[in-house]
Amino acid sequence: MIKKVGIIGSGTMGSGIAQVAATADCSVKVFDTNLDALDRSKNVLEKVLTRLVEKGRIDTEEKQRIQGNISYVHTLKDLGDSHLIIEAIVEKLDIKQKVFSELETYIAPDSILASNTSSLSIASIAAACDRPDRVVGIHFFNPAPLMKLVEVVPAVQTSADVLDKAVTTIKEWKKVVAVAKDTPGFIVNRVARPFYGEALRIYEEGLADFATIDWALKTKGGFRMGPFELMDFIGNDVNYTVTETVFTAFYYDARYRPSFTQKRLSEAGYLGRKSGRGYYDYTEGAEKPEP
Ligand code: NAI
């Protein structure tokens, strides 16, 4: 039984996954190298749960139970007694490999190590470990508490037992599991690359502006968010890096070519909602352009 869960990285995804595990009554420890990020995560959880109480979806007792299940820790070693550790840090292979390799020195032999990577190879993350058989991909979607689907991705090294435990746990957390092969972008992020890429090409060719493309996809295509709203929601830095990884991993297949527009926004720090500006301006009083 997975009852103790460690989360590495308390950003957008780590915070949401912590909420999911705590709601399922796991005891959750969250670690981040950035203490401000830990504080932010705690504050965001308070706001999210307060809103759920206001909407009548949970009561205050439930809110306290969820918050009581989460603690915030300051060293990786503190995660040592976890049955399952889910990593949700920056999308860089060498940094993830370093964290996994260090983790192995603290954890029990039967602990499972999972990565929430959107696009990196699980096999190459596992290869940094002495026991690659206990490494698996567990890929949540944003926002983790709301999105039902989770891709569980076994690497070639992953044992059948670890895959089975990962699938069982995620189902116990009331999510729907798709077991995906360890290929770049897995299922959803691979399908999504041409969606973003083509929207960016339409903009770059001067055929329509962001607002018009988003409007068309929402009102006529039935999407809840347009591609530019979605990229701003995900984060332009995260979205660009995923595209770059998938493009490179598919031997520079033109279908996945990244966009200079997104690269420049990312370099400028226009990351989307989380930085207050992306394709759109989210600062107070800013008006959203009409299609
Ligand atoms: P984020 O930028 O919101 O948060 C990352 C956090 O990791 C930051 O708080 C940072 O301080 C921390 N961090 C960085 N290096 C660390 C280290 N060595 N040890 C501990 N903490 C460290 O990123 P986000 O969006 O939560 O993404 C995290 C992972 O989840 C990435 O691999 C991303 O590809 C994946 N992902 C992101 C989705 C999204 O929509 N943003 C959706 C699904 C997966």
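Select strand 4 (residues 84-87) and strand 5 (residues 112-115): they pair in the parallel sense over four bridges. Strands pair here if DSSP finds at least two bridges between them; the strands (E, at least two residues) and helices (H or I, at least four residues) are DSSP runs, numbered from the N terminus. Show side chains on that pair, and you'll find L84 standing opposite I112 in strand 5.

A quick word on what you're looking at: this is a predicted model, where local features need pLDDT of at least 70 and side-chain atom pairs count only at pLDDT 80 or more, while totals for chains, interfaces and linings use all residues. Residues are numbered from 1 along each chain as its sequence is written.

Stay on strand 4. L84 and I86 point one way, I85 and E87 the other way, and all are buried. Buried means that 20 or more other C-beta atoms lie within 10 Å of a residue's own, exposed means 12 or fewer, and partly exposed is in between, with C-beta atoms placed from the backbone.

Look for I7, whose bridge partner in strand 4 is I86.

Eight strands form an open sheet in the order 3-2-1-4-5-6-7-8, with mixed pairing. Strand 3 (70-73) and strand 8 (176-179) stand at the edges with a single partner strand each, so one side of each has no neighbour in the sheet.

Next, colour by domain: domain 1 covers 4-179 and domain 2 covers 190-275, with bounds from an automatic or database domain assignment. Their C-alpha centres lie 26 Å apart. Six residues from domain 1 and eight residues from domain 2 make the contact, where two residues touch if their C-beta atoms, placed from the backbone, lie within 7 Å.

Where does the ligand lie? Both domain 1 and domain 2 give residues to the shell around the ligand, so it lies between them. Select that shell: 27 residues surround the ligand, and the closest are G9, G11, M13, A37 and N142. Helix 1 (12-23), helix 4 (93-103) and helix 10 (236-249) each supply at least two residues, and the largest share, three residues, comes from helix 1.

Most residues other than glycine have a negative phi, and most peptide bonds are trans. Click on N142 and P143: the peptide bond from N142 to P143 is cis, with omega near 0 degrees. P143 sits in the loop between strand 6 and strand 7 (149-154).

Move to F186, in the loop between strand 8 and helix 7. Its phi is near 50 degrees, a positive value, and F186 is buried, with 23 other C-beta atoms within 10 Å.

Last stop: Y203 in helix 7 (residues 188-204). Y203 counts as partly exposed, with 19 C-beta neighbours inside 10 Å. Leaving out residues up to four places away in sequence, Y203 touches A208, D209, F210, I213 and T261.

Conventions: Near = placed C-beta within 6 Å.
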